[in-house]
Amino acid sequence: MTETPVKVLVVDDAATVRLYHTSLLSEAGFAVEEAANGLEAVEAALTTAFDLFVVDVNMPKMNGYTCVETLRSETVGTPAPVLMISTEDRPGDAERAYAAGANLYMVKPVSAERLVRVARMLTAGRGIPA
Amino acid sequence: MTSAATAGAGLSEADFEKFREYFYKRTGIQFAPSKRYFVDKRIDTCIKNSEFDTFTTWFAALRLSARDDLLQELINQLTVNETYFLREDYQFDSMLRTVLPDVVEARGGANRIVGPIKILSLPCSTGEEPYSIALRLLEEWDLIDRLDVEIHGADIDSSVLDRARHASYGERSLQRVPKKWRDKYFSPVGGGRYQLDEGIRGAVTLHQVNVTDTLAMRAFRDFDVIFCRNVLIYFDELSSRRAAENLYGAMRPGAYLFLGHSESMSRISPIFTPTRLPEGIVYQRPTGANR
Amino acid sequence: MGLVRRNTPPPEETAAPPSADTLLSQLDDPDPELRREAALGLDGSAEAVAPLLDRVAGETEAAVRDAMLTTLAAHDTAQVAEGLAVHLASDDAGLRTAVAETLATMPNSVPALLPRLIDDDDHDVRVMTAMVLADLPHPEAMTWLAVMIREDPHPNVVTAAIDALLPSIGPEHHELLRGAVERFPDDPFLRFTVEAAVK
């Protein structure tokens, strides 16, 4: 029996963060693609139906909040869950993320176990990995 | 292919990855790993043409000093910059099937549209692109007899514009033009060259302009469709931003912008809205005040 | 009907360009498109620098703000760099990232600000500074990033600096990177980053 793997888009301008999140999520069985800023993520989401977005906040060209707003807008209109991960821990950041349309906001550093657990939780029912 | 054959510039895997990431960040062009041999050879040529001896010193100068000449040479080496009729034709398919019908509808429909539909080819080089647009509209767009269409070509280089005005082309340029169209719109002028019909030549307006010059670009207004293919990658960060902003100013709200097939606005400017068409991604000037 | 040629340019092509004074007053027009055009049209005007700096943070339309920043960046002077750098601390993510991008195109004036930015009390400002240095075309960018990796007390700043240095990392940096792991032994991401960088 072949199952469709759960597709995740990792969105971060830092190549090391993309590599880290991609390797953790790939090992856990997710099919991961990467985008280096918010606008690239929007373009990727126009051509591929992702099951989860993992989005940084501070990125050039299009920041994380605007990215999530655009993913939720009619430009893309994805219903897929969005996890925002930020280095920022300012008052109001989480509220801003939720207002933009994120499902969960976390502050770095996020442990490997927690990232995988949250990714599984957010994508439960979307095929493997269960 | 053997590992000896891929040695080329003597790039290690890590160097190649660093280069790939840099070039992508700078130009939006991503090389498949299968292009490794090609890329290695072209980098080798760039290093040989520079005053540097090694990849490391050349790459450091490329990245850390404002050496536009090094980048220009690199892009010239790594991009195929030839122009011919009906190049990247799938974008003209997009224009005919999706973009123009949407433009007509957004402007009130074929019976109520006021003013011409305006299409800009920038850079137009020796004219193949604006004339290809003209041919495809005349041959394939059912509304061409009911609506006015203005086609404009613009380029910074006056010598290519002179050749565009003359509009005579060799076999290589015309290889993709169907024989029927060639017989109908071109006449042999000797030396294996064919000149485009005067009616079409006369219908396309040509301009000399630098796309990064905001003042000069003010003359370009209310375009419905712009083709700006394979030029923004040549500019540095600030110039490409200014060029994108000038193009935005030349477009009607809701108008469409086509970039080259390996190019993306995502490394240049967020002011456009990417839109997916069956043939690929195209950019629109947002219609509302918000983007 | 059909293809039509436009033989005479419309009036706006032949009209004289608006004066700097007209454009400056247009910066406060309620129509964002007029503000955007004014900001772009003020390219090269020294007298526009202060009015543009005054308006960057308050501008609500991102496309207008981007046009202002494009025009400001071309000046690459201490006045512009200092006027923009204060916004690296902004709570507005769009503003602070757009400003970081703009500063990264200003290699003449940004270096003078780096001692202050690298020593800023707010670690978020220091993370943004690493983002500026990642793209700043300046031969000393690597040196400052190395200082951040060696000295900064916050792990997120150190990982941001390592990421920014990544394209230039060579064997000469390995000791510096291992030192960072020793300073933050409990940060798995920092460890992963260093392992990826030195492999």
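Predicted model: local features only at pLDDT ≥ 70, side-chain atom pairs only at ≥ 80, totals over all residues.
Student: Let's start with chain A. What order do the 5 strands of its open sheet have?

Tutor: The sheet in chain A is an open one, and its pairing is parallel. The twist from one strand to the next averages 20 degrees. Reading across the 5 strands, the order is 2-1-3-4-5.

Student: Which strands of chain A stand at the edges of that sheet?

Tutor: Look for strands with a single partner strand, because one side of each is then left without a neighbour in the sheet. In chain A, the ones at the edges are strand 2 and strand 5 (104-107).

Student: How many bridges join strand 1 of chain A to strand 2 of chain A?

Tutor: Strand 1 covers residues 7-11 and strand 2 covers residues 31-35, and they run parallel. Within this pair, Val10(A) sits opposite Glu34(A). The number of bridges joining the two strands is 5.

Student: And which residue is the bridge partner of Phe53(A) in strand 4 of chain A?

Tutor: That takes us to strand 3 (residues 52-55) and strand 4 (residues 82-86) of chain A, a parallel pair with 3 bridges. In strand 4, the partner of Phe53(A) is Val82(A).

Student: Which helix of chain A makes a β-α-β unit with strand 1 and strand 2?

Tutor: Strand 1 and strand 2 of chain A are the two β parts, so we need the α part. The unit is right-handed, and its helix covers residues 15-27 of chain A. That's helix 1.

Student: At about what angle does helix 4 of chain A run to strand 5?

Tutor: Helix 4 of chain A is residues 93-100, and it lies across strand 4 and strand 5. Elsewhere in chain A, helix 2 (residues 38-47) lies across strand 1, strand 2 and strand 3, at about 160 degrees to strand 1. For helix 4 and strand 5, the angle is about 150 degrees.

Student: How far apart are the end C-alpha atoms of residues 7-123 of chain A?

Tutor: UniProt, in an unreviewed entry, lists this span as "domain: Response regulatory". In the model the span is 44% helix and 20% strand. Its end C-alpha atoms lie apart by 9 Å.

Student: On to chain C. What radius of gyration does chain C have?

Tutor: Chain C comes to 13 helices and 1 strand. Its C-alpha trace spans about 70 × 45 × 25 Å along the principal axes. A compact globule of 199 residues would have a radius of gyration near 16 Å, whereas chain C has 22 Å.

Methods: Residues numbered from 1 in each chain as written. Chains lettered and ligands numbered in written order. Pairing = 2+ DSSP bridges. Helix = DSSP H or I, 4+ residues; strand = E, 2+ residues; numbered from the N terminus. Right-handed = clockwise from strand over helix to strand, strands pointing away. UniProt positions renumbered as here; feature names shortened; annotations may be inferred. Axes fitted to C-alpha atoms, helices over the stretch in contact; angles between N-to-C directions. Contact = placed C-beta atoms within 7 Å. Rg over C-alpha atoms; globule rule 2.2 N^0.38 Å.
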